[in-house]
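Subject: Structure handover

Hi,

As promised, here is the structure we talked about. Could you have a look and then read my notes below?

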Amino acid sequence: MSALEGAFCRSAPWRLAARRVVRWVIQGVSLTGDVLEIGGGNGATAAELARANASLRLTMIDYDPVMVGAARKRLAEYSHAAARQGDATQLPFDDETFDFVVSFLMLHHVVDWEKAIAEVARVLRPGGIFTGYDLTASRAASWVHLADRSPHRLIERGAFEPVLAQVRLDAVGLRYSFGGRVLRFTARKPALST
Ligand SMILES: C[S@@+](CC[C@H](N)C(=O)[O-])C[C@H]1O[C@@H](n2cnc3c(N)ncnc32)[C@H](O)[C@@H]1O
């Protein structure tokens, strides 16, 4: 992750903004049951999800142990939320473990983000939902990441939809905002047919 983004994710303004961002991103989706956040950083968004709904069983993972340490502290007051270290491209969970997977501004940090989406599809239960947002490829986003040489691969406009289809997730809501620079997405794993 870029140093600039890292500092921003750890900042007080971002923690304050997390509530609004979460609401804006999930577009009215009501989270229930077992929820996984991938790339949850220092836990600001996970804490907001835990605060808003005490009935969730929330697990947050992040690749970076420093972020996980910070997230554990932040989530300590919520007995229904936990943070652990893990890689979104090799999720340490059994198939069909979660009702929801959420992802806030993290996929572009995963160079093989298609693999992370395949993992999301694997760990979702039938009927489960994947929702979140990310940056799309733009000059500004490229500049920020290239400037400090952080590993990244921005999502080209139109590249997300075929990947969802490939792993058999149905796109139920894709919205581009800020002149196409931000993508909010909601996808569903088909329920088992009876
Ligand atoms: C820009 S931060 C976003 C953090 C948080 N979602 C938020 O909105 O505050 C991106 C996070 O993704 C994490 N990350 C990057 N690659 C990852 C991977 N392969 N698996 C899990 N987490 C990863 C980084 O460590 C970082 O904490």
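On one side of helix 4, Pro65, Val66 and Lys73 are exposed, meaning that 12 or fewer other C-beta atoms lie within 10 Å of their own; 20 or more make a residue buried, anything in between is partly exposed, and C-beta atoms are placed from the backbone. The buried residues of this helix, which spans residues 65–75, are Met67, Val68, Ala71, Arg74 and Leu75. Seen down the helix axis, these buried residues fall within an arc of 120°, so they line one face of helix 4; the arc is that of the directions from the helix axis to the C-beta atoms. An α-helix has 3.6 residues a turn, so residues three or four places apart point the same way. The buried residues of helix 4 pack against helix 3, strand 2 and strand 3 (81–85), where contact means C-beta atoms, placed from the backbone, within 7 Å.

Before going further, please keep in mind that this is a predicted model: local features need pLDDT of at least 70, side-chain atom pairs count only at pLDDT 80 or more, and totals for chains, interfaces and linings use all residues. Residues are numbered from 1 along each chain as its sequence is written.

Now the overall layout. The protein has 7 helices and 7 strands, taken as DSSP runs numbered from the N terminus (helices: H or I, at least four residues; strands: E, at least two). From the N terminus on, the order is α-α-β-α-β-α-β-β-α-β-α-α-β-β. Of the 194 residues, 40% count as buried. Among contacts between residues at least 6 apart in sequence, 64% join residues at least 24 apart.

The 7 strands of the open sheet have the order 3-2-1-4-5-7-6, with mixed pairing; two strands pair if DSSP finds at least two bridges between them. Strand 3 and strand 6 (170–177) stand at the edges with a single partner strand each, so one side of each is left without a neighbour in the sheet. Neighbouring strands are turned by 15° against each other on average, direction ignored. Axes here are lines fitted to C-alpha atoms, for helices over the stretch in contact, and angles run from 0 to 180 degrees between N-to-C directions. Strand 4 (residues 98–104) and strand 5 (residues 124–135) run parallel and are joined by 6 bridges; Phe98 has Leu124 of strand 5 as its bridge partner.

Two helices on the sheet are worth a look. Helix 3 touches strand 1 (34–38), strand 2, strand 3 and strand 4, and its direction makes about 180° with that of strand 2. Helix 5 (residues 113–123) packs on the sheet too, touching strand 1, strand 4 and strand 5, at about 150° to the direction of strand 5.

Then there is the ligand. It is surrounded by 22 residues, the closest being Gly39, Gly41, Tyr63, Asp64 and Ala88; a residue is near the ligand if its C-beta atom, placed from the backbone, lies within 6 Å of it. Helix 1 (3–10), helix 3 (44–52) and strand 2 (57–62) are the elements that give two or more residues to this shell.

Finally, two backbone details. Leu105, in the loop between strand 4 and helix 5, has a positive phi near 55°. Phe178, in the loop between strand 6 and strand 7 (182–188), has a positive phi of about 50°. Most residues other than glycine have a negative phi. Leu105 counts as buried because it has 20 C-beta neighbours inside 10 Å, whereas Phe178, with 11, counts as exposed.

Best wishes
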